[in-house]
Amino acid sequence: MNTIDIIPLIKQPRKVTILSHRNPDGDALGSSLAMARMLTYIGHQVKVILPSEYPYYFDWLPDIESVVIADSRVSYANTLIDECDLIICLDFNSLDRVDNVSQTIATANKPIILIDHHQDPMPFASYMMSDPLASSTAELVYRFFEELGLLHRVDAAIATCLLTGIITDTGSFKFNVNPTVFSIVSQLITKGIDYQQIQYNIFNNMSAKQLQLLGFCLDLRMEVVPEWHAAIIGLNKADFQRFKISRGDTEGIVNYPLMVGDIWVAVLVTEQQNLIKFSFRSKGDIAVNELAKRHFNGGGHKNAAGGSLQVSFNDAIAQLKQHLPSVIQYSSI
Ligand code: 5GP
Ligand code: MN
């Protein structure tokens, strides 16, 4: 992205629509809300659109109540995109991640800025800040503010949102970290935020039901396949009903099998309304995004990816077991 070209777009007050991906995570939410606040501070009229609802445990994020959920207000969301002057896409790079508004984005005759850290961006943006080595989109949003000379406007609310994106996408600084992340964080914590409270809000904010569901998954639904260094957790529709699972309740479960030294790949398979969703996590050089891309209509990062299939739950597990051994070939281990 050439900052010189962006400056006129940002310096003049405009109607801006910020868009992030379906099933938004902490980075999608944190980077969008931080960008929205910053642009509001400098005079823009801003709306944030998400294709689907955010998990309840992020309801403490500043301004989150103002986001437009396209699943429940699809024509309003499309009108906002149609009527704005500038679109900013954050934390996704392919239009299938914004399914219910993708057509409007694809045909929008206006500038689109894309800021993202996934590999292989689709070419739908006019300006792109794409860095797969970045920890998070929140890190890139900070760098965007820096390039535009806006860092002095970062306040506690913006810092809280950016820290949330960085903390969630690095598993609280366990992976994807680089020297820039720590230097950005060292700046953000000077902005009057309550760092410990943010950590508590993110990680100690589960419901009892969610914790019980985690116990159930690890005790009764986890299948370890030692020869593949893999663990699979499958949740079918009956499990969803039994635990009254709602959006976000299964978040994080897929990370737990990796706590076992000899498990290098973990997969959570969930039976959704019309499809089967796969969440992949891995350690080291094992590239689960390749597996997701080749066999599960998905993608993502090397160590955290996802995908989906429109097959029965049993077929999904069978296909997973068919392809899982090959994941080792996408690694240099
Ligand atoms: P999660 O397992 O938390 O749902 O997703 C982990 C990561 O995988 C996400 O941050 C996203 O990058 C990627 N991902 C998840 N689902 C999909 C999908 O259906 N398609 C693509 N392209 N990427 C996905
Ligand atoms: Mn991200």
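**Metal site and ligand shell**

Reply: Let's start with Asp169, which is buried, with a relative accessible area of 13%. Keep in mind that this is a predicted model.

Me: OK, and is His117 buried or exposed?

Reply: His117 is buried, at 2% relative accessible area.

Me: Which protein donors does the manganese ion have?

Reply: Ligand 2, the manganese ion, has Asp27 (OD), Asp91 (OD), His117 (NE2) and Asp169 (OD) as its protein donors, at 2.2 to 2.4 Å. Along the chain, their spacing reads D-x63-D-x25-H-x51-D.

Me: And what does the pair His117 and Asp169 tie together?

Reply: Parts that are 52 residues apart in sequence, because His117 is in the loop between strand E5 (112-116) and strand E6 (127-130), while Asp169 belongs to helix H6 (residues 156-169).

Me: Switching to ligand 1. Which residues come nearest?

Reply: There are 13 residues around ligand 1, and His118, Lys277, Ser279, Arg281 and Ala305 come nearest.

Me: What about polar atoms?

Reply: A polar side-chain atom of His118 sits 2.7 Å from an oxygen atom of ligand 1. For Lys277, an N or O atom in the side chain is 2.9 Å from a nitrogen atom of the ligand. Gly306 uses its backbone: an N or O atom there is 3.2 Å from a ligand 1 oxygen atom.

Me: How much of ligand 1's accessible area does the protein cover?

Reply: 80% of the 500 Å² that ligand 1 has on its own.

Me: Which strand gives the most to the shell?

Reply: E12, with four residues. Strands E10 (276-282), E11 (299-300) and E12 (304-309) each supply at least two.

Me: And the residue types?

Reply: Two nonpolar, eight polar and three charged in the shell around ligand 1.

Note on methods
Residues are numbered from 1 along each chain as its sequence is written. Chains are lettered from A and ligands numbered from 1 in the order in which they are written. This is a predicted model: local features need pLDDT of at least 70, side-chain atom pairs count only at pLDDT 80 or more; totals for chains, interfaces and linings use all residues. Side-chain values use heavy atoms; hydrogens and water are left out. A residue is near a molecule or strand if one of its heavy atoms lies within 4 Å of it. A polar contact is a pair of N or O atoms within 3.5 Å; within protein, one must be able to donate a hydrogen and the other to accept it, and residues adjacent in sequence count only if both atoms are side-chain atoms. Accessible areas come from the Shrake-Rupley method with a 1.4 Å probe; for residues, only the protein chains shown count as cover. Ala, Val, Leu, Ile, Met, Phe, Trp, Tyr, Cys and Pro count as nonpolar, Asp, Glu, Lys and Arg as charged, and the others, Gly among them, as polar. Donors are N, O and S atoms within 2.8 Å of the metal (3.2 Å for Na, K and Ca); water is not among the atoms, so sites may look incomplete. Buried means under 20% relative accessible area, exposed over 50%, partly exposed in between (1.4 Å probe, protein chains only).
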